[in-house]
Amino acid sequence: MKKCTICILILCFLSMSSNLFAGCDLQATDTLNGGGYEGTSVGNSFIACANGYITSITIFPRNTSETPNVTLSIYSGTTFTEGNIQGDPQTGITLNATSGSSPNFTAQTITLKKPVQVTSGNTYTFIFSCTTSNVNFYATSATDSYADGTAYKNGTSIADDLSFVLTISDVWTLTVAATGANGSVSEDNGGIASCTSSGGDNCSGVYADDSSIVLTATPETGYFTSWDSGCSSTNGNICTVSEISKNTTVAVSFTNKGAGSDAAVPLPLAASLIFGLLLLAGAFRMRKTRAKRN
């Protein structure tokens, strides 16, 4: 498994160092400094420590009530105003509420629905933004700030870096191949959404190495789901792919319930049976009439 983690906390460094690549540049601090940054957009630049995909970002919400409708965007370059956006922004994030009476260093991990590809040694910037309220995060102390990045608030660089954990790892592609136009398949986190037999980009997603993916089929009325291959386990309309470690295709088909063993007799066959019964009845009647004559 290929994974690297950029971490700005000594606690994280101790717990995650076994997963780090050589050359993954770290700066650690004993504690968060209690201070932080609040604004409509807050983020930090960083240097990618390996070729791979950003699969999650852990941050520390600060002294704030629950903040809904937050968007996470990742840009190339040292500032989001100069770089190009990478991948699709992730919308609809809700930041957890934290206590305002004293520092509450509670981490929140945001798993990317669509991991973003990065190149080792290149600089990128992540930005959390909200149009309805401010976002607020803890920062490191100025003396122990992250050497390979700059924090930003409302588009302006600031002295202390945010405290964050950024994970870059291998990813695998999961593809759904649906047969029958009478149902759809979606994945809980939205990487695969309303996939049908017509295919398309919404029928595949990329997922971090060793992650487990839950697929849910929604057949139309009168149809049932058949998971044909690719699932680690199934339960009715649910397919689970456990600890993905290679590119995987899940085959699913939607079949008319009338096509099973308890199917209704097709009309041509029914007509043939009725005609045959009438012939038998006629033959029996003729035989009975002849017997009376004799």
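Select Gln90 and show its side chain together with the backbone of Thr111: the side chain reaches the backbone oxygen of Thr111 at 3.2 Å.

Residues are numbered from 1 along each chain as its sequence is written, and side-chain values use heavy atoms, with hydrogens and water left out.

Stay on Gln90 and colour strand S6 (residues 90-95), where Gln90 lies. Helices (H or I, at least four residues) and strands (E, at least two) are DSSP runs, numbered from the N terminus. Is Gln90 buried or exposed? Gln90 has a relative accessible area of 12%, so it is buried. Buried means under 20% relative accessible area, exposed over 50%, and partly exposed in between (1.4 Å probe, protein chains only). Leaving aside residues up to four places away in sequence, Gln90 touches Val70, Thr71, Leu72, Ile110, Thr111, Leu112 and Lys113. A contact here means heavy atoms within 4.5 Å.

Next, select Lys114 and Asp88, which form a salt bridge with their closest N and O atoms 3.6 Å apart. The pair links distant parts of the chain, 26 residues apart: Lys114 is in strand S7 (residues 108-118) and Asp88 in the loop between S5 and S6. A salt bridge is a side-chain nitrogen of Lys or Arg within 4 Å of a carboxyl oxygen of Asp or Glu, and by this rule the count comes to one. Lys114 counts as partly exposed because its relative accessibility is 42%.

Move to Pro68 in strand S5 (residues 67-76). With a relative accessible area of 35%, Pro68 is partly exposed. Select its contacts Ile93, Thr94, Cys130 and Thr132, a list that does not count residues up to four places away in sequence. Then draw a C-alpha to C-alpha line from Pro68 to Asn96: the two are 28 residues apart in sequence and 8.7 Å apart in space.

Now select strand S14 (residues 183-187), which is mostly covered, with four of its five residues buried. Two strands pair if DSSP finds at least two bridges between them. Within this pair, Ser184 stands opposite Thr218 in S16.

Finally, show the whole protein, with its two helices and 20 strands. Of its 294 residues, 38% are buried. Colour by pLDDT, the predictor's confidence in each residue, from 0 to 100. The mean is 78, and 70% of the residues reach 70 or more. Which elements have the lowest and highest confidence? Helix H1 (residues 10-16) is lowest at a mean of 34, and strand S19 (residues 238-241) is highest at 96. Over residues 9-31 the pLDDT is below 50, and over residues 260-267 it stays under 50. Where pLDDT is low, the predicted coordinates should not be read in detail.

Definitions and conventions:
Predicted model: local features only at pLDDT ≥ 70, side-chain atom pairs only at ≥ 80, totals over all residues. Polar contact = N/O pair within 3.5 Å; in protein donor to acceptor, adjacent residues only side chain to side chain.
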